[in-house]
Amino acid sequence: MHPRPHPRTLALAAATALAATGLALPLTATTASATPAAPAAPAAPVKSDFNGDGYADLAVGVPSGTVNGKAKAGYVSVVFGGKHGPDPHDVRRITQATVEVPGTPESGDRFGGAVTTAYIDHDKYADLVIGAPGEDIDDKKDAGSVTVLYGTGDGFAQANTAARGEKASDAYGNALTAADFTGDTDVDLAIGGKDKVVANLNPYTAGTSPLMGSRMGGRAPVMTTGDFDSDGHPELAVAYYTQNQPYTQSHVQLYRYDRNDEFEGDFGLTWSSDNSAANALAAGDFNGDGHDDLALGNCREIADENIDDPCGPEEIAKGGGIHIHYGDGGGLVWKGQTLNQDTPGVPGVAETGDDFGNALAVADIDGDGKDDLIAGAPGEAIGSAARAGAVTVLKGGAKGILNADGSAAGAVAYQQNTPGVPGAAEVGDLFGAALATGDHNGDGVPDLSAAAPGEDSAAGGVWNLPGATVGSTPVTAVTPKSLGLPASSDPEAYGAVLGH
C-alpha cells in the first residue's frame, strides 16, 4: 500500500526526482528494430528525508529553548527516521551556535519559531527551513530572519540566510511554507511576518519581495499551498484575523504568482472568504477527483454581517468546526462541507473549548487515492482531565470527508488513554496541538506525528503513530528527556512547532 503524492508535494519534487535518483534511465533494445522501452518514472524524494536514507525525519522547533544560557534563543530538534520510526538515539540539535548556521544564539531570537522542509538544491536530501522571528538585525529589534540548512548524507551541511526583516518588529519567519510558485522548477518561500507575508523566489539569497499585507492582530498568518485552480502551479493560501484593532476583520485568501502579463513577478489575490477565521489550513484531494481541496480548521465567523456563512452553518462551529472548500478544476467552490464533533460518525461531542481542527494534517493513509484529513483537538477533555487533547482521523471518500448523507465514515479518534498509546491523558497535555505526516519507518504508509507540548509540566513531546493508527506496530514517543535535550516550561515547548 503506497501513499499517493500530494499535488503540492509534486510541485516541489517533480523537477528534482530524476537528479535525486542518481541513476541513468534504462533502455531495452534486443534487436536492431527494437525501440527503447519507456523509462520508469523516478520516485519522488521521501518527504523530509534530510540524510537520504529513505526514511522521513522529524523536525521539531523549540523556540522557547535555552541555548548557552540565552533564554528563548531557540533550537530545532531533528529526530532521524528508521525502520522503527523516529529514533531517539539518532537526533541532532540545531541552534545558531551550530557550525553551519549563520548568527549566534541571543535571548529572544526564537530560532525554530516556524519550520518547513523542501528540496531546494535539487538533490536527494531534504533541506530544512527555519524561522527566527525574534532575531535582531543590526539595531532593528525583532526584525526576524529565515535560515536554509541543506541536507547531506550525514545529516546537514552548509546553510545560508534566506530572509532578514527590514525594520524592527517585522518578525520575519513566524510562519513558513514552500512551493514552486513561479513554475521555474525551483522552490520558492512564502514567509510570514507581522501583518505581512513576503516571498523569496531565490532561497540561496536573502532577497524578499512583498506578497501581501494586512492587519493580522500581531499573530502569525496560517499558510499552506495547493493547486486549487488545477493549472499545474501551486497557489498560496493564507488565513488571518484581527479583533478590535481598530476594527474586526478576518480572511482566508488565495494568492497566485502571475506568469503571463505585464504584471509578471507579482502575486495576485484570486479568491477570498471574508469574515472566516481559521486556525489551521490543509490542502488535499479528499474526494479523489484530481483537484486540490482546502480544509479550514477551527473555522468560525469573526464578524456576523456576512450572510454567506463562510465557515458553514454557524452552529457547527461549536467546539471547533472544520469547513472544506472543494476544487472543481476552475478553483474552489464556495459551498462545501462542514463538520464538528457532533457530526454523525465523528467521535466525541462538540464542547466549547475543544478547539477541534486547531491543527490539521493530510495524507492518503489507506492508499485509496483519496486524501484523509487528521484533526487535532488540543482542548478536548478526557474524563476529568481538561485540555488533555485528542486527534481524529477522518477518511476521504467519493463525496469527500463526509458522505452524501452528511456523516463521516470510518473516523477514529486517539488520545493518551487509548490502549497502545504511551502515557496518560492529563490536564493540560494538549495532545494534538501540532500534527505532521511522513513515512518515518519506510513501509510506504504515512505515519502521524502528534505533539503534546503540555506533556510533563509543559516539557512536551511528540508521539509517532505508524500508519496513523494504533495497532500491531507500537506507538512511540520522543520527549526532551528521552532525547537528552534541555526541557522548557513555556507554552511553546517541545512539539508546539512541527516541520511540514
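This is a predicted model: local features need pLDDT of at least 70, side-chain atom pairs count only at pLDDT 80 or more; totals for chains, interfaces and linings use all residues.
Residues are numbered from 1 along each chain as its sequence is written. Local features need pLDDT of at least 70 and side-chain atom pairs count only at pLDDT 80 or more, while totals for chains, interfaces and linings use all residues, and side-chain values use heavy atoms, with hydrogens and water left out.

**Exercise 1. Strand β8**

Work out which way the residues of strand β8 point, and whether they are buried or exposed.

Solution. Start with the terms: strands are DSSP runs of E with at least two residues, numbered from the N terminus. Buried means under 20% relative accessible area, exposed over 50%, and partly exposed in between, with a 1.4 Å probe and protein chains only. Next, recall that side chains in a regular strand alternate between the two faces of the sheet. In β8, Ala175, Thr177 and Ala179 point one way, and Leu176 and Ala178 point the other way. Finally, check the cover: 5 of the 5 residues in β8 (residues 175-179) are buried.

**Exercise 2. The sheet around β8**

Find the order of the strands in the open sheet that holds β8, and say which strands stand at its edges.

Solution. Begin with one pair, where pairing requires at least two DSSP bridges between two strands. β8 and β9 (residues 188-193) are antiparallel, with 5 bridges, and Ala179 has Asp188 in β9 as its bridge partner. Now extend the view: the order is β8-β9-β10-β11, an open sheet of 4 strands with antiparallel pairing. β8 and β11 (209-213) each have a single partner strand, so one side of each is left without a neighbour in the sheet. From one strand to the next, the twist averages 25°, taken between N-to-C directions on a scale from 0 to 180 degrees, with axes as lines fitted to C-alpha atoms.

**Exercise 3. Salt bridges**

Solution. A salt bridge needs a side-chain nitrogen of Lys or Arg within 4 Å of a carboxyl oxygen of Asp or Glu. The whole structure has 5 of them. Lys167 is partly exposed at 46% relative accessibility, whereas Asp170 is buried at 2%. Lys196 joins Lys167 and Asp170 in a network of salt bridges.

Arg256 lies in strand β14 (residues 249-257) and Asp229 in the loop between β12 (222-226) and β13 (235-242), so the pair ties together parts 27 residues apart in sequence. Arg256 is partly exposed at 34%, and Asp229 is buried at 11%.

**Exercise 4. Aromatic rings**

Classify the ring pair of Trp271 and Trp334 and that of Phe431 and Trp463.

Solution. Rings of Phe, Tyr and Trp (its six-membered ring) pair if their centres lie within 6.5 Å; planes under 30 degrees apart are stacked, over 60 edge-to-face and the rest tilted. The structure holds 7 aromatic pairs. Trp271 and Trp334 are 6.1 Å apart, centre to centre, with 45° between the planes, and the pair is tilted. Trp271 is buried at 14% relative accessibility, and Trp334 is partly exposed at 32%. For Phe431 and Trp463, the centres are 6.0 Å apart and the planes at 85°, so this pair is edge-to-face. Phe431 is buried, with a relative accessible area of 0%, and Trp463 is buried too, at 2%.
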